[in-house]
Amino acid sequence: MESLLGTGVSKGIAIGSVLVKKESSSDFQKKSITDVEHEWDRFQKAIEAGKKQLEVLVQQSRETIGEDEAQIFEAHILILEDEELANLVKTQIDNQKKNTEWAVHEAAEHFAVILEGLEDEYLKERAHDIRDVSARLIRILSGTDKHEIPIMDKPCIIVARDLLPGEMVHIDKAVVMGIITEAGAKTSHTAILAKAMGIPAIVGAEGILEKVKDHDTIVFDGELGNLFINPDSDILEQYNQKLELLKIQKKELESFRDRASITKDGADVELFGNMASVAELPGLVENGAQGIGLFRTEFLYTTQASAPSEEEQFEIYKLTAEKMQGKTVIIRTLDIGGDKEIPYLGLDKEENPFLGCRGIRLCFDKVDIWKVQLRALLRASIFGDIKIMLPMISVIEEVRKAKEIINEVKEELESSGIPFNENLEIGIMIETPAAAMIADSMASEVDFFSIGTNDLIQYTLACDRMNPKISYLYSQFNPSVLRLIKHIIDTGHEYGIKVGMCGEAAGDIRLIPLFVGMGLDEFSMNASGLLEAKKVVTQISRLEMSKVVPEVLKLKTAQEVETYLAGFSAI
Ligand code: PEP
Ligand code: MG
């Protein structure tokens, strides 16, 4: 038995027989040529054939996986259309007098290496897309353009050096129990697609290909990232039990789907869902989301090569509102900056991006782009209960200015006779200590608050949420953060507005009882956390938990809080 540790990117337990995916046969020979025109012609034909293949993939993935995934292949089409790439291929053919396969490989490597050298994790991963497109072109040129995913006719765990997005869509969810790759990071498309498909996955399992062969047995935990090759009977037994337990828990939790989310003493607690794309809607509805508490719209912008048009956005917001059938849909306007970048916006490099031009600050800076989003949102507002939420607010002037711009857009729509919901609510994220401290002034300007704990923690503790070196400081149990949360909830209620929470802490079952005790009205989380959260809510009493709140707020460390709360959510 051997064991390895990778990065768990899609949770779940997988037990199965290994199917090793061989490297794609995009091998080629470097050959000297004399007819440069002929090679150029081959290149152009390969581009056309590549586009056709990708258009089919866009269609297939839109139908079977989701919009975000379809956009990966749309981005590949854009790479094929890229003039810089074509120019470099032409220069290589003309100057070096070598075959197109070689010229394509050289040109793609040139751009991939540049991207890999960048600090930005997202752009680094794009090197992978360029290589995927290059491999496709080479396979077309050399006549080996069939996908290389092995035949999967019985349950298996796929082990690969890497899986390209083009290969992921050929994976049959019904038989693939898990995916392990040597390459990849949390933001790699393999990870994104595996999660969207609900297949447990580990990336970054270095050295696995040297250790396994077809038909070996592997067990792994897609959350923790640990895996065992040809496990002994104890480990196998242990993981079989974990798998059984997960199945039982899942089944048991399913019984909560249609139950009301009410505490033992009759308090209503709203359980909403977070989403970044419409592909997540079915999962949210299935898990009983009572509304959408956070639609992270920036992902509509980061997954494509240019800003989505008003029409595209309108369709997405309208569809979301309709699918939620009149339930609340809180749409957060563009929250770019910090760790979320958009290459085509050409933003200045900043020394401290988390303290820089992000969220609402960037919306004001790129007001034309923001207005397109606002128009789309307002137009969609007649199709359901859409509310607008502003990100990264720190001073009252931002709220006022945002409302002025929203009013301008309303006036433009009105003068063109385009309908919208005149009473559409406007709320803000409370994710800076500044906004939290003046919650009273903020509450008199807006219709609701939603606490963004992910950022509130980092700004309160002056602790970068991305920096593993100081992650010991970053805690949702920290007393300073909890006191701020209590202050925000109390102040919101004093001013008669609803207070929700959409940061990760809202789905942390260890904290849900405390927040229920503080009177939080709405919890918004990922689809996978909803049923568990409902189970916790139904097992506690708001009155009893409200008595626990002052005790918790007296504690001095995050660890003390965590220990104190441990018993309340035992489900
Ligand atoms: C938050 O900060 O808690 C939040 C929900 O926003 P994001 O994680 O998108 O910054
Ligand atoms: Mg935030």
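**View 1. D41 and its salt-bridge partner K45 in the predicted model**. D41 is partly exposed, its relative accessible area being 33%. Its side chain meets that of K45 in a salt bridge, with an N to O distance of 2.9 Å. Both residues belong to helix α1 (residues 36-64), where a spacing of four residues places them about one helical turn apart. K45 is exposed, at a relative accessible area of 54%.

**View 2. The salt bridge between R379 and E311**. The closest N and O atoms of this pair are 3.2 Å apart. R379 is in helix α14 (residues 367-380) and E311 is in helix α12 (residues 310-323), so the bridge ties together parts separated by 68 residues in sequence. R379 counts as buried because its relative accessibility is 14%, under the limit of 20%. E311, in turn, counts as partly exposed at 41%.

**View 3. The salt bridge between E562 and R510**. Here the closest N and O atoms lie 3.1 Å from each other. The pair links distant parts of the chain, 52 residues apart: E562 is in helix α23 (residues 558-565), and R510 is in the loop between β15 (498-501) and α20 (512-518). E562 counts as partly exposed, with 28% relative accessibility; R510 also counts as partly exposed, with 33%.

**View 4. A network of salt bridges**. Shared partners join E310, E311, K371, R375, R379, E408 and E412 into one network. The whole structure holds 33 salt bridges.

**View 5. The surroundings of T100**. T100 is located in helix α4 (residues 100-116) and is buried, with a relative accessible area of 0%. Apart from neighbours within four places in sequence, T100 contacts E39, R42, F43, I93 and L141.

Methods
Residues are numbered from 1 along each chain as its sequence is written. Chains are lettered from A and ligands numbered from 1 in the order in which they are written. This is a predicted model: local features need pLDDT of at least 70, side-chain atom pairs count only at pLDDT 80 or more; totals for chains, interfaces and linings use all residues. Side-chain values use heavy atoms; hydrogens and water are left out. Helices (H or I, at least four residues) and strands (E, at least two) are DSSP runs, numbered from the N terminus. Buried means under 20% relative accessible area, exposed over 50%, partly exposed in between (1.4 Å probe, protein chains only). Contact means heavy atoms within 4.5 Å. A salt bridge is a side-chain nitrogen of Lys or Arg within 4 Å of a carboxyl oxygen of Asp or Glu.
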